[in-house]
Amino acid sequence: MGLRLGRRYAWSSVVADRLQEAKARQVYLVLRDRIISGAVGFGARLPNENDLAQAHGVSRVTVRRALGELQREHLIERRRSAGTHVVFRAPPARIIADISGVLANLADMGRSTRVKLLSFSYVQASGPAAEALGAGDHELLQRSVRVRSVGGLPFSYLLAHVPERIGVTFNGKELADRPLLELLERSGVKVERATQRISAGLAAPDVARALDVKTGSPLIELVRTVYDRDGRGVEHLHALYRPDRYSLEFDLVRSGGTSKRSWSALSPALRKPTRKSKSPADIAFI
């Protein structure tokens, strides 16, 4: 009987601890979002533990766990005499990508950000990149990994594959200094169109280190294949973006007859000038 009671107590204790951990995670996420978004700015003082516990309907212990996690991420600073203050400085305005202008003004946008080349090599064609580029098993693909930053803060992790016949026209140093599309066109490629898929992904350990996020953090995932005028694949890109530093948008217009009206993308020529606080969409396609 005593053994059963002991097991029940131990199980109840585990359940209670996990429940408290889940509540602490919820409080942490809410507070983190307000800090990262700038709703609570640098230097702002957070309410004390009692007030936060009451506001979120949890215990002080739960709030303390949440604040401890925020402090470990260097988002807040806690001092016994001075209270809890936000020490996170909001990054420059988030990159906003206009997904309806796929390849327009790409080179100019490439120069407006900084890139760090993490790797550059030639590999045997395989997997999704080989399939998208129409490369056989006997062919080589140039493989590069770059991280783009704006205002000194990383926002994109770019894994690109290019057919060897094109890749040999430029080296790693050039790729670190110039946009890939510019190098493709310099090689004589006539870019005609691109297809892309946008979804959500999670940060693997190497991506997390490069983008300065936790492993498993949610990211915007973009997979794009660029084709030349003959319909041949000339670039396959697998890109991952920090959602707190990058977003996607496009303009829509109502079209169609009165009985079958629908939304369609607005032609770039008809689009109003982008506000100065925004960066054009084309960074998504670097």
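This is a predicted model: local features need pLDDT of at least 70, side-chain atom pairs count only at pLDDT 80 or more; totals for chains, interfaces and linings use all residues.
Student: How many salt bridges does the structure hold?
Tutor: Side chains of opposite charge can pair when their charged atoms come close. Counted by a cut-off of 4 Å between a side-chain nitrogen and a carboxyl oxygen, the salt bridges in this structure number 16.

Student: Which residue forms a salt bridge with Arg64?
Tutor: Arg64 lies in helix H3 (residues 60-72), and its partner lies in helix H2 (residues 49-56), 15 residues apart. The closest N and O atoms of the pair are 3.0 Å apart. The partner of Arg64 is Glu49.

Student: Is Glu49 buried or exposed?
Tutor: A residue counts as buried when its relative accessible area is under 20%. The value for Glu49 is 12%. Because 12% falls under that cut-off, Glu49 is buried.

Student: What separates Arg72 and Glu69 along helix H3?
Tutor: The side chains of Arg72 and Glu69 meet in a salt bridge, at 2.9 Å from N to O. Both residues belong to helix H3, where they are three residues apart. Their separation is therefore about one helical turn.

Student: What is the distance between the closest N and O atoms of Asp244 and Arg242?
Tutor: Asp244 counts as partly exposed at 22% relative accessibility, while Arg242 counts as buried at 6%. These two residues form a salt bridge, and the distance between their closest N and O atoms is 2.6 Å.

Terms used: Residues are numbered from 1 along each chain as its sequence is written. Side-chain values use heavy atoms; hydrogens and water are left out. Helices (H or I, at least four residues) and strands (E, at least two) are DSSP runs, numbered from the N terminus. Buried means under 20% relative accessible area, exposed over 50%, partly exposed in between (1.4 Å probe, protein chains only).
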